[in-house]
Amino acid sequence: MNDPVYGFVKIPSDLIYDLIEHPYFQRLRRIRQLGLSNLVYPGALHTRFQHVIGAMSLTVQAIDILRTKGVEISEEEKEAVCAAVLLHDMGHGPYSHALEKIIIKGVGHETISLAFMNRMNEELKGKLDLCIRIFKNEYPRKFLHQLVSSQLDMDRIDYLRRDSFYTGVQEGVIGHDRIINMLNVHNDEVVIDEKGIYSIEKFLIARRLMYWQVYLHKTVIAAETLLLKIFLRASELAQKNVELFATPAFHYFLYNKTDNEKFLNDSKVLSLYSELDDFDIFTSIKVWSHHEDKILRELCLMMRDRKLPRIEIQTGEFDNENIEKMQKKIAGSKNISMADSEYFVFTDSVKNEAYSLDGFNIKVLYKNGYTRDIAEASDLGNILALSETVTKYFLCYPKNV
């Protein structure tokens with residue numbers, strides 16, 4: 001494949017080719033990597049499919065580099081970890097994180113990804129056994145799981161490089177080649193050679209900047225929260241048996257409450273979920289923009305025509321009294337109840353932690369064999385500061401308030 005970020009990407013094995021060809025995997029072509037970020041950055045139209053192909057190609061490079069440094073990795077292990085990276089995002093729903101744990105209440109994409117892997121493994125007669133063990137971190141060689149999921153995994157390296165490319169946000173550009181070449185394994189952990197410390201500093205700072213400039217950009221927050229409000233309003237109407245246009249798969253999730261228990265015990269839920277993508281949601285939004293329910297209609301028109309709510313962001317919580325005044329004003333002007341005014345005036349919070357000191361840390365390997373956490377090894381004082389969780393509060397309301 002000719003990838004615009006890395007150039008030509010080779011498919012490493014027949015199994016990987018079969019996984020890519022599977023309908024479950026092809027669905028990722030119809031799910032945007034960055035949700036509604038294209039409303040701010042018009043170029044951000046790349047998909048989950050492109051992302052996982054890129055992450056898989058980085059995995060191949062990483063394994064080849066580790067082998068040159070004396071790390072023994074069998075062909076079976078290489079294929080399994082490549083498959084795990086390739087399939088790790090299978091569980092993402094429409095618009096990626098925007099509706100996470102909403103369509104199937106309380107169930108994250110990692111759980112759904114594992115369910116897809118298990119079903120595909122049945123079809124492939126156990127060929128994904130090792131892949132699943134690595135994905136679940138049940139394989140003795142833990143560093144292989146860290147290539148799939150950690151603070152220095154192939155997923156993060158690819159999405160920072162790819163998202164900065166498609167958004168045009170230069171602050172997110174990282175030296176992925178150098179990071180890959182500086183990878184090593186020490187005491188069954190992925191580490192970075194001492195020479196790569198500055199590349200990792202740039203990687204962590206770039207991640208922080210991309211979160212506030214792209215992933216948590218205030219207009220993106222407004223758009224994705226509006227999408228959530230549309231889904232909640234449609235679900236409320238569906239529970240009252242109001243007829244709504246929807247594709248068969250989307251219709252099921254609107255009219256049936258699905259949670260973790262139902263997801264685990266009813267195989268039909270996963271099959272229907274496998275048919276959901278961005279097109280199901282936005283096609284309904286276009287049709288609902290003419291619906292007789294004025295709240296749903298107005299919310300959908302706002303999304304369809306990019307008439308997004310105004311948004312304010314601050315470090316502290318917003319005053320409840322002012323929020324209530326806004327809601328009363330909206331309720332009066334639109335002739336709706338106070339409860340329904342919360343579809344137009346709402347507040348919530350977002351969090352960002354560029355580097356976590358808990359669990360798997362990024363360690364720097366020195367020539368003498370000792371390792372130190374990047375936060376200690378770096379002479380940049382702000383690396384440690386990146387481990388602090390930053391919480392910001394936002395308030396959304398119509399622009400005419």
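Biologist: Do helices α11 and α16 run roughly parallel or roughly antiparallel to each other?

Modeller: In this predicted model, local features need pLDDT of at least 70, side-chain atom pairs count only at pLDDT 80 or more, and totals for chains, interfaces and linings use all residues. Residues are numbered from 1 along each chain as its sequence is written, and side-chain values use heavy atoms, leaving out hydrogens and water. The axes of α11 (residues 218-239) and α16 (residues 294-304), both helices (DSSP runs of H or I, at least four residues), lie 10 Å apart at an angle of about 155°. Angles over 145 degrees count as roughly antiparallel and those under 35 as roughly parallel, so α11 and α16 are roughly antiparallel.

Biologist: How many residues in the contact of α11 with α16 are charged?

Modeller: Contact (heavy atoms within 4.5 Å) involves residues including Leu226, Lys229 and Arg233 of α11 and Leu299 and Met303 of α16. Asp, Glu, Lys and Arg count as charged. Twelve contact residues are nonpolar and none is polar, while the number of charged ones is two.

Biologist: How many of the eight residues of helix α12 are buried?

Modeller: Buried means under 20% relative accessible area with a 1.4 Å probe, protein chains only. In α12, Ala249, Phe250, Tyr252, Phe253, Leu254 and Tyr255 are buried, packing against α11, α13, α14 and α15. Helix α12 (residues 248-255) is therefore largely enclosed by the rest of the structure, its buried residues numbering six.

Biologist: What span does helix α10 reach from its first C-alpha to its last?

Modeller: Helix α10 (residues 197-215) has 19 residues.

Terms used
Axes are lines fitted to C-alpha atoms, for helices over the stretch in contact, and angles run from 0 to 180 degrees between N-to-C directions. Helices (H or I, at least four residues) and strands (E, at least two) are DSSP runs, numbered from the N terminus. Angles under 35 degrees count as roughly parallel, over 145 as roughly antiparallel, 65 to 115 as roughly perpendicular and the rest as oblique. The expected span of a helix is 1.5 Å times one less than its number of residues. Buried means under 20% relative accessible area, exposed over 50%, partly exposed in between (1.4 Å probe, protein chains only).
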